[in-house]
Amino acid sequence: MIAWFSKKDGDGLVTGKVPPIDKEAPEETKTATFSMGCFWGPDALFGSKNGVVRTRVGYTGGSKENPTYRSLGDHTETIQMDYDPEKITYRELLEIFWNDHDPTMGKTIQYRSMISLHDEEQKRYAMRSKEHLRKKLDKEVKTVMVAHSNFYPAEDYHQKYKLRRNSWLYEAFRSIYPDIHDFVDSTAVARANGLVDGKGRIDTINELGLNEEGKELLYKIWNRYRGGYL
Ligand code: MHO
């Protein structure tokens, strides 16, 4: 049998070492939780930002226990991240949140605009920025503010969804992180998930544990968003 398809474990695209960016993950982080429509895009967007250490998508805001994508109950699709407050502030995260969706639109509970607040400081900044936006737009801002409660991680196939759509790169990162939890928690994976969606700084490509071939592939994908060809 011809074995042309057999190389699917992706290890031909990686250096075989822990990605440099993952060695720099700070011990102390803060957590921010936003809902802003389908969570695939925000996972890539926030994951591309310098200072965001880990991202995960899930369901929160409702009362149903153990919701799933197919049985969501009264929960909302949500992106949660751990961030390094010395590199990116909650105010900056809020700005990204407001700019990346339309919070004046009425949506179903699954896709509603919501901020889950982790502490008083977040509450202050979130309320203030919402009021600021309402004045600027002169329109009702429908974003709901709730105290952070149970966050149920979404099914594996929703985590780093954009990266999964490129099976070579996905397999490459799984060869570094065979354990799905390590994969989801990796900063390198979060950045790669951003770059495949055209987001983030391309020079980070050197910190992700990819070899020359892997970098070239990821660069080409990123560059398509700038009018390049694959
Ligand atoms: N419209 C998207 C929503 C997926 S998102 C995880 C789709 O079904 O392709 O809600």
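**Entry 1: the ligand**

I began with Y69 and found that an N or O atom in its side chain is 3.3 Å from an oxygen atom of the ligand. I count this as a polar contact, that is, a pair of N or O atoms within 3.5 Å; within protein, one must be able to donate a hydrogen and the other to accept it, and residues adjacent in sequence count only if both atoms are side-chain atoms. I note that this is a predicted model, in which local features need pLDDT of at least 70 and side-chain atom pairs count only at pLDDT 80 or more, while totals for chains, interfaces and linings use all residues. I also note that residues are numbered from 1 along each chain as its sequence is written, and that side-chain values use heavy atoms, with hydrogens and water left out.

I then looked up E77, where a polar side-chain atom lies 2.6 Å from an oxygen atom of the ligand. For Y111 I wrote down 2.7 Å between a polar side-chain atom and a ligand oxygen atom. The ligand taken alone exposes 310 Å², and the protein buries 61% of that. These areas come from the Shrake-Rupley method with a 1.4 Å probe; for residues, only the protein chains shown count as cover.

Which residues are around the ligand? I listed C38, F39, W40, Y69, E77, Q110, Y111 and H158. A residue is put on such a list if one of its heavy atoms lies within 4 Å of the molecule. I sorted this shell into five nonpolar, two polar and one charged residue. In this sorting Ala, Val, Leu, Ile, Met, Phe, Trp, Tyr, Cys and Pro count as nonpolar, Asp, Glu, Lys and Arg as charged, and the others, Gly among them, as polar.

**Entry 2: helix α4**

I checked the length of α4, residues 120-137. Its 18 residues should span 26 Å at 1.5 Å a residue, and this agrees with the end C-alpha atoms, which are 26 Å apart. The expected span is 1.5 Å times one less than the number of residues. Helices (H or I, at least four residues) and strands (E, at least two) are DSSP runs, numbered from the N terminus.

I found Q122, A126, S129 and L133 to be the buried residues of α4. Seen down the helix axis, they fall within an arc of 70°, so they line one face of α4. The arc is taken from the directions from the helix axis to the C-beta atoms. Turned away from that buried side is a face with the exposed residues E120, H132 and K135. I use buried for under 20% relative accessible area, exposed for over 50%, and partly exposed for in between (1.4 Å probe, protein chains only).

**Entry 3: two residues with positive phi**

I looked up N66, which has a positive phi of about 50° although it is not a glycine. N66 sits in the loop between β2 (52-60) and β3 (76-83). Is N66 buried or exposed? It counts as exposed, because its relative accessibility is 55%.

K160 is not a glycine, but I read a positive phi of about 55° for it. Its place is the loop between β6 (152-153) and α5 (161-164). K160 is buried, with a relative accessible area of 0%.

I placed S186 in the loop between α7 (180-185) and α8 (187-195). S186 counts as buried because its relative accessibility is 3%. Its side chain reaches the backbone nitrogen of A188 at 3.1 Å.

L195 lies in helix α8 and, at 1% relative accessibility, counts as buried. L195 and A44 are 151 residues apart in sequence, yet I found 7.8 Å between their C-alpha atoms. I221 lies in α9, residues 212-224, and is buried at 6%. I221 and L195 are 26 residues apart along the chain, with their C-alpha atoms separated by 7.8 Å.
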